[in-house]
Amino acid sequence: ATILPWIELLAGLGLLLGIFPRGSAFSAALLMLVFTVLVGITLVRGLDISCGCFSLDPGAGKIGIQKLMENFFLSLVALLLLFSPKGKKI
């Protein structure tokens, strides 16, 4: 939990600044796919937890189908970046 935000930050900065774009896209895609699977497992198990994303309020961001769909579409964007032709801007 200590290292994860730094990996996310480096992947995001890499994508924004064009530094190691493939590696950054791979990191972002891998993180999003793992998060999506974990949210899905949490929903299937019926656990009532908050994500903690974008808020310090413990009641905010309860994991549900909306969070699953959000992560799914962000995963698709990361995969699109990863598999886009080299040198072609999206």
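Trainee: What share of the chain's contacts with a separation of 6 or more comes from residues 24 or more positions apart?
Mentor: This is a predicted model: local features need pLDDT of at least 70, side-chain atom pairs count only at pLDDT 80 or more, and totals for chains, interfaces and linings use all residues. Residues are numbered from 1 along each chain as its sequence is written, and side-chain values use heavy atoms, with hydrogens and water left out. Contact means heavy atoms within 4.5 Å. Among contacts with a separation of 6 or more, the share from residues 24 or more positions apart is 51%.

Trainee: In what order do the elements run from the N terminus?
Mentor: Helices (H or I, at least four residues) and strands (E, at least two) are DSSP runs, numbered from the N terminus. The chain has 3 helices and 0 strands. Its order is α-α-α.

Trainee: What part of the 90 residues is buried?
Mentor: Buried means under 20% relative accessible area, exposed means over 50%, and partly exposed lies in between (1.4 Å probe, protein chains only). By that rule the buried part of the 90 residues is 23%.

Trainee: How many Å does helix 2 reach from its first C-alpha to its last?
Mentor: The expected span is 1.5 Å times one less than the number of residues. Helix 2 has 25 residues, and its reach is close to the expected value. From first C-alpha to last, that reach is 36 Å.

Trainee: Which helices do the buried residues of helix 2 pack against?
Mentor: The buried residues of helix 2 include Ala28, Thr36 and Val39. They pack against helix 1 and helix 3.

Trainee: Apart from neighbours within four places in sequence, which residues does Ala28 contact?
Mentor: Ala28 lies in helix 2. Its relative accessible area is 15%, so Ala28 is buried. Ala28 also stands 9.0 Å from Leu74, C-alpha to C-alpha, though 46 residues separate the two in sequence. Leaving aside the neighbours within four places, the contacts of Ala28 are Ala11, Leu15 and Ala78.

Trainee: And which residues does Thr36 contact, leaving aside neighbours within four places in sequence?
Mentor: Thr36 is another residue of helix 2. At 14% relative accessible area, Thr36 is buried. With neighbours within four places set aside, its contacts are Leu68, Asn71, Phe72 and Ser75.

Trainee: Why do the buried residues of helix 3 count as being on the same side?
Mentor: Lys67, Leu68, Asn71, Ser75, Ala78 and Leu82 are buried in helix 3. They lie on the same side because they cover an arc around the axis (from the directions of the C-beta atoms, seen from the helix axis) of only 95°.

Trainee: Which exposed residues does helix 3 carry on the face turned away from its buried side?
Mentor: The buried residues of helix 3 pack against helix 2. The face turned away from that buried side carries Ile65, Gln66 and Leu80.

Trainee: How far apart are the closest N and O atoms of Lys67 and Glu70?
Mentor: Side chains of opposite charge can pair when their charged atoms come close. A salt bridge is a side-chain nitrogen of Lys or Arg within 4 Å of a carboxyl oxygen of Asp or Glu, and the whole structure holds 1 salt bridge. Lys67 and Glu70 are 3 residues apart in helix 3 (residues 65-83), so about one helical turn separates them. Their closest N and O atoms lie at 3.1 Å.

Trainee: Is Glu70 buried, partly exposed or exposed, and which of these is Lys67?
Mentor: Glu70 has 30% relative accessibility, so Glu70 is partly exposed. Lys67 has a relative accessible area of 12%, so Lys67 is buried.

Trainee: About how much accessible area does the nonpolar surface patch have together?
Mentor: Patches are made of residues with over 30% relative accessible area and no salt bridge, with like charges joined within 9 Å and nonpolar side chains (Val, Leu, Ile, Met, Phe, Trp, Tyr) within 5 Å. Areas come from the Shrake-Rupley method with a 1.4 Å probe; for residues, only the protein chains shown count as cover. Leu16, one of the members, is in helix 1 (residues 4-17) and is exposed at 71%. Trp6, Leu9, Leu13, Leu16, Leu17, Ile19 and Phe20 together have about 840 Å².

Trainee: What is the phi of Phe20 near?
Mentor: Phe20 is in the loop between helix 1 and helix 2 (21-45). At 68% relative accessibility, Phe20 counts as exposed. Its phi is positive, in a residue other than glycine, and is near 45°.
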